[in-house]
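Trainee: Hi! Could you walk me through this one?
Mentor: Happy to. Here it is.

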Amino acid sequence: MIELTSKQRKYLEKLAHDIEPVVIVGAAGVTEGVTKMVAEMLGAHELIKVKFNEYKDDKRELTEQLCAETGATLVRVIGNRAILYLPREKEEDRKIKL
């Protein structure tokens, strides 16, 4: 997990504004399948949104759990959606330049 400056966080929030959630946490909660899907989507897109249809009161803790398991960085939790960021290993492969 990387530490983001406020400028980087604002930049990532702006990029995430128009993207739709690619992972939805439902009645089963954060399962192994959800964690695997988050990891796959981060690998493909670097910046994703996760929507919480259930467990809305626990979204901050569940998001931190997802970040810990995938190595992602939490950009922000807005409403019932969380924005996660995970840059690619190689700098030349990254879509998002911070």
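**After the helix**

Mentor: Helix α3 is followed by G71, whose phi is positive, near 85°. Helices here are DSSP runs of H or I, at least four residues, strands are runs of E, at least two, and both are numbered from the N terminus. The model is predicted, so local features need pLDDT of at least 70 and side-chain atom pairs 80 or more, while totals for chains, interfaces and linings use all residues. Residues are numbered from 1 along each chain as its sequence is written, and side-chain values use heavy atoms, leaving out hydrogens and water.

Trainee: Which residues are buried in α3?
Mentor: K59, L62, T63, L66, C67 and T70. Buried means under 20% relative accessible area, exposed over 50%, and partly exposed in between, using a 1.4 Å probe and protein chains only.

Trainee: What do the buried residues of α3 pack against?
Mentor: They pack against α2 (32-45), β2, β3 (73-78) and β4 (81-85). Contact means heavy atoms within 4.5 Å.

Trainee: New topic: is V50 buried or exposed?
Mentor: V50 is buried, with a relative accessible area of 1%. V50 sits in strand β2, residues 47-52, and its contacts beyond four places away in sequence include V38 and L66.

Trainee: How far apart in space are V50 and V38?
Mentor: They are 8.1 Å apart, C-alpha to C-alpha, and twelve residues apart in sequence.

Trainee: And where is Y11?
Mentor: Y11 is in helix α1, residues 6-16, and is partly exposed at 34% relative accessible area.
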